[in-house]
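I opened my notebook to get to know a new structure.

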Number of protein chains: 2
Amino acid sequence: MPPTAHSVQALVHIQEWLQGDLEQVETRMRAIPLTFEPLKTAVDHLLRAGGKRIRPMLVLLTGRLYREADEAMIALAAAVEMLHTATLVHDDLIDGSLLRRGIPTLNAIWTPAATVLTGDYLFAYAASLAAQTENVRVMAIFARTLMTICEGELRQQFGDRAAMLDREDYFRRIYAKTAAMFELATEAAAVLARAPEPQVEALRRYGVDLGMAFQIMDDILDFTGEAQVLGKPVGNDLRQGLITLPVLFYLEEHPGDPVIDRILAGSSGDEDLIREAVERVRNSKAIAQARAEAEAFIRRSQSYLENLPEGPAREALRFLGELVLRRDH
Amino acid sequence: MPPTAHSVQALVHIQEWLQGDLEQVETRMRAIPLTFEPLKTAVDHLLRAGGKRIRPMLVLLTGRLYREADEAMIALAAAVEMLHTATLVHDDLIDGSLLRRGIPTLNAIWTPAATVLTGDYLFAYAASLAAQTENVRVMAIFARTLMTICEGELRQQFGDRAAMLDREDYFRRIYAKTAAMFELATEAAAVLARAPEPQVEALRRYGVDLGMAFQIMDDILDFTGEAQVLGKPVGNDLRQGLITLPVLFYLEEHPGDPVIDRILAGSSGDEDLIREAVERVRNSKAIAQARAEAEAFIRRSQSYLENLPEGPAREALRFLGELVLRRDH
């Protein structure tokens, strides 16, 4: 499903609707009290690289279910995106990635030590933005989310390789990697907007399921995407020895596939092998099966919206799910 | 000045007085909600390694000026020590240090990726403990402190080498490296204990000056200490190309000293040169001059205690300064 004229237009509508808020979020993110010039330049570079800003949009749309954005909601949206940016910086170091969003990573242009410290600084700035919400519960959710993300990443890096062939393990990994941050965005925004508790819970679950689908689509794109549109090479996950949902479905149909087996056995540095594996998975029905899983998560996420206040914010949240299914980068 | 029987005894008194609280702090630190076994083991290893626990003592003593420790104060003391532990993990990675407190660093026994992530996890856990204070201002101080520490470390790693020969630059570095965390301990504890604002400010300044002296003594011990007592080799700072106060004083007396010059020019990997430099500084009057600076900070820190509530907590805080001047590790 390519993006349709309709879907692109609807995204433009959402962005126009939120434009004033999103600009305030950008301003807040860039208001880093940095005096050390090289770090300032590096952080500017990171923030200018942009990204989809889907996490701040989730915060703002959730807030708009209940009220206009205030200073605290802007701070929360900036905090979530800053936390996301900080995790990217350390991820790129850990993976040794040299490209992100089509531009060189900090890791590629700087030393590991600078990368560690810049990531730490951005964590601290995210915490400082979270503190600007002046909401203790929001801050506790923040801390819990970062713990989930770190433990998940450690599991992924150092956990039992055999466990990776288990679908439950995959879902646990992508929850920690992506869905937990979406959950943070919607749950914390609902708390801050003083939503009734059952609605906080519904929005929290909405965030989790949207995030699960978002990561499944990301994992599909690692096989079906175009390197130029993605801003990074395809087959990256296999190259890092990472088994994702398309591979799990592929292996169900082709147990003991020799190409995948060799990669699992440690030949993830062999580029011909990676290319061949990407071809095999891309041309199998595993892609459609994985997409069906993503769609199931989106449908469930949308079901959580049913009892929320009607209006454009709810429509936009519903529509974000459709956009996730139409991702091409 | 070696530790006297009197000073050791007084420290024992303070520790006995705080024992119940300190045990609660340890329990709180170890109550990490970890399910991933290798990480759990690594964190246990780190926490068992101990340390002086001076930062939790500062929190508890500051709190005791006003009231008995409650759950929030215990959480703050644990949060400060956890933040300190997290920074040590990343520091050891950045410095490539293999020993800390006489035992192998995480960096030495594990991979850089695991070390980055474990440090991140501990930052998150520190933030979670800070959130348990349920005090927004405390959390904001926390975030600000971590930003100060990271920016200082980046400056130290990547700043202008020539600036290192400037004494103001040295003081700025040790503020970020050490004194900011002491400041966090006393300021946040005073806020949590609902101290009157002028006393919060006095305690904040006390923390800064005590921390400055603590770091100067640390920098002196890097020349005069015994590797076995320190739990790490002497001359470590020079080995990392780091200029500290004893060297600055030494260079005032011996401008253009050829041994120091060669180290500054990049020969910090030459062990014979390091040994010779350590000998020269150790046998010069730079050590006494640096110690006099530390003493001046301690005297000023004690002056901030004058208008605080009288009693054993204030006596203990005053005495901590004396102990800092008598550090041998």
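I began with a definition: I count two residues as in contact when their heavy atoms lie within 4.5 Å. The model I am looking at is predicted.

**Where the chains meet**

I then checked for salt bridges between chain A and chain B, and the count is 0.

**The core**

Next I turned to the largest nonpolar core, which has 238 residues. Those touching the most other members are A:L76, A:F142, A:I216, B:L76, B:F142 and B:I216. I picked B:L76 and listed what it touches beyond four places away in sequence: B:V59, B:T133, B:V138, B:F142, B:A188, B:A189 and B:L192.

**Helix α2 of chain A**

This helix covers residues 37-48 and reaches 16 Å from its first C-alpha to its last, close to the 16 Å expected. Which of its residues are buried? I noted A:L39, A:A42, A:V43, A:L46 and A:L47. They cover an arc of only 130° around the axis, so they sit on the same side of α2(A). A:H45 is also in this helix; at 24% relative accessibility, A:H45 counts as partly exposed.

**Salt bridges**

Over all chains, I have 56 salt bridges.

- A:E26 and A:R30 meet at 3.6 Å, N to O. Both lie in helix α1 of chain A, 4 residues apart, about one turn of the helix. A:E26 is partly exposed at 21%, and A:R30 is partly exposed at 38%.
- A:R155 pairs with A:E151, with the closest N and O atoms 3.7 Å apart. These two are also 4 residues apart, in helix α7 of chain A. A:R155 is partly exposed at 25%, while A:E151 is buried at 9%.
- B:R300 and B:D209 meet at 2.8 Å, N to O. This pair links distant parts of the chain, with B:R300 in helix α15 and B:D209 in helix α9, 91 residues apart. Is B:D209 buried or exposed? B:D209 is buried, at 3%, whereas B:R300 is partly exposed, at 41%.

My last entry is a network of salt bridges that links A:E295, A:R299, A:E315, A:R318 and A:E322.

Technical notes: Residues are numbered from 1 along each chain as its sequence is written. Chains are lettered from A and ligands numbered from 1 in the order in which they are written. This is a predicted model: local features need pLDDT of at least 70, side-chain atom pairs count only at pLDDT 80 or more; totals for chains, interfaces and linings use all residues. Side-chain values use heavy atoms; hydrogens and water are left out. A nonpolar core is a set of buried Ala, Val, Leu, Ile, Met, Phe, Trp, Tyr and Cys residues joined through side-chain atoms within 4.5 Å. Buried means under 20% relative accessible area, exposed over 50%, partly exposed in between (1.4 Å probe, protein chains only). The expected span of a helix is 1.5 Å times one less than its number of residues. The arc is that of the directions from the helix axis to the C-beta atoms. A salt bridge is a side-chain nitrogen of Lys or Arg within 4 Å of a carboxyl oxygen of Asp or Glu.
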